[in-house]
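Subject: Handover of a structure and its findings

Dear colleague,

Please find below the structure that I am handing over to you. My findings follow directly after it.

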Amino acid sequence: MKKNFIDRRQFLIQAGTYAAGLSFARPALARDAREYGVLPNRREDQSRAFQRMIDRAAKQRAKIYLPNGTYAISGVQLPDFVDLAGDGDHVTLVNTTRNPLLNSRGGSTALLENILIDGVHLGGEDSNSALIDLRQVTRVELKGITIRRARYDALRLERCSGSIIQCNISDSGRFGLYAIESKALNISHNTVEDCADGGIIIHRYEQGYDGSRMRNNIVRRISAVRGGTGQWGNGINIFKTDDVEITDNTIEDCAFSAMRANTARNFKMNNNTCLRSGEMAIFAEFGFRNAEIKDNIVIGAASGISATNANVGGGGAIITGNIVKDMNAIGPYKPQAPYFGQGISAEADALVAQNTIENTAGYGINLGWGPYLRNVDVVGNTIKNAKIGIGISAAKGAGPVSIKGNQINAREGNIRTHEWDKISTTDIGLKPDQAPKHITLEGNIIG
């Protein structure tokens, strides 16, 4: 048996690289965990032995392989360098007492691959704790990691850079992945599901560059156990971040938004599929700036796409090429006006173009609320079976809008103005000469 370990190690020394998909070379030295006295399927807690193993391996810059089996550990502090790998679901680290099971403070490198980590819902009462808690780690590389049954957050990263690839996170008591003050994280090809209050959460304490990229992830069945009106229950949520991209993800069955951007700037939400959202499916809110929301599929939600809150500085959006269907106005709380049921809503410095909107309980497209409307162009959209095709604020202080080349079929009016809650009885889609002066109508096809 010992000779097999040596042969395997020599092979890895000759190979000199990690498995495909990670971005830099493996260390030349590789060790079997049993060489350090850490054995699979022992009934007793092995936290102390595990800690000694990774500390010794860090000094040797060695990669550690965990033989198939279960290891009961908790409260292990990762050293400056750690490189730990298993064989997927065949290697399980089981939490015994405390959160976090693995944690690091200020390390240079944390590499984890093909390991199942089971929190069994154990942990302390600190709701800010996580099953894996990595802070100020220069380079984090997690690939093929399964994290399940965390008492609170499954994975927390603070001021880290690196990649989270092909991981599976499920059944966490708060968030699946919580990343704070990140440095261009790559979060791709992961599955995050059945979390109590949020899926992938990218936050900053202060506004600034984040640069995270979320691509080809599946996020589904996200609840809002803590209630609220949108701070919980989102599939992907960004807050105070600049230059974030959310592309090519599938996000299903979230209690609130599939994607939510609060006070974010210069962000993209493109080519995502958002199904059965409980509130606003795609939401750019509060002081957001420069949103690109393109080519998404949104089916089944209380409302579809919103880029609003001009009252607190929100504005600047390109909303193009989206498919929005079946907005049902059934939300998780009683909203203040302008209520649920809208296909697309925009207020300031926005282009709404070439979208297809079908079956809405309220407006197909709604522009502004009260005086909060300026510089919005609505061009070449197709609206079918909306209650009202396009609604436009005509309250005192509302600014210019242009409605051109849209095809509209609606049940209770094609284009109507509103002053706060009061909706005009005049369909200016049919009588464009009666449109208020701040509204330009041209080339729209009605009926």
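The largest pocket is lined by 37 residues, and those nearest its centre are Phe 283, Glu 285, Thr 308, Asn 309 and Tyr 333. A pocket, on a 1 Å grid over the protein atoms alone, is an open set of points where a 1.4 Å probe fits, with protein on both sides within 12 Å along at least five of seven lines; a lining residue has an atom within 4 Å of a point. The volume of the largest pocket is about 900 Å³, a volume being the space filled by probe spheres set on the points, which are joined across faces, edges and corners. Two or more lining residues come from each of β20, β23 (259–262), β25, β27 (297–307), β30 (344–346) and β32 (356–367). Strand β25 gives the largest share, 4 residues. By class, the lining holds 16 nonpolar, 16 polar and 5 charged residues; here Ala, Val, Leu, Ile, Met, Phe, Trp, Tyr, Cys and Pro count as nonpolar, Asp, Glu, Lys and Arg as charged, and the others, Gly among them, as polar.

Please note that this is a predicted model, in which local features need pLDDT of at least 70 and side-chain atom pairs count only at pLDDT 80 or more, while totals for chains, interfaces and linings use all residues. Residues are numbered from 1 along each chain as its sequence is written, and side-chain values use heavy atoms, with hydrogens and water left out.

The chain as a whole

The chain contains 2 helices and 40 strands; these are DSSP runs numbered from the N terminus, with helices (H or I) of at least four residues and strands (E) of at least two. Along the principal axes, the C-alpha atoms fill a box of roughly 90 × 40 × 35 Å. Of the 447 residues, 57% count as buried (buried is under 20% relative accessible area, exposed is over 50%, and partly exposed is in between, with a 1.4 Å probe and protein chains only). Among contacts (heavy atoms within 4.5 Å) between residues at least 6 apart in sequence, 63% join residues at least 24 apart.

Salt bridges

Side chains of opposite charge can pair when their charged atoms come close. A salt bridge here is a side-chain nitrogen of Lys or Arg within 4 Å of a carboxyl oxygen of Asp or Glu, and the count comes to 31. Which parts of the chain do such pairs link? In one of them, Glu 158 and Arg 135 meet at 3.5 Å, N to O. Glu 158 lies in strand β11 (residues 153–158) and Arg 135 in strand β8 (residues 130–135), 23 residues apart. Glu 158 counts as buried, at 8% relative accessibility.

Arg 265 and Asp 242 form another salt bridge, at 2.7 Å, N to O. Because Arg 265 is in strand β24 (residues 265–270) and Asp 242 in strand β20 (residues 234–242), this pair ties together parts 23 residues apart in sequence. Arg 265 is partly exposed at 32% relative accessibility, whereas Asp 242 is buried at 7%.

In a further salt bridge, the closest N and O atoms of Arg 276 and Asp 253 are 2.7 Å apart. Arg 276 lies in strand β25 (residues 273–285) and Asp 253 in strand β22 (residues 250–254), so parts 23 residues apart in sequence are tied together. Arg 276 is partly exposed at 43%, and Asp 253 is partly exposed at 29%. Salt bridges that share partners also join Arg 105, Asp 133, Arg 135, Arg 156, Glu 158 and Arg 159 into one network.

Individual residues

Arg 276 has a positive phi of about 55° although it is not a glycine. Lys 240, also not a glycine, has a positive phi of about 60°. Lys 240 is placed in strand β20 and is partly exposed at 26% relative accessibility.

Gly 235 also lies in strand β20 and is buried, with a relative accessible area of 0%. Gly 235 and Ser 257 are 22 residues apart in sequence, and their C-alpha atoms are 6.4 Å apart in space. Leaving aside neighbours within four places in sequence, the residues in contact with Gly 235 include Gly 199, Val 219, Cys 254 and Ser 257.

Yours sincerely
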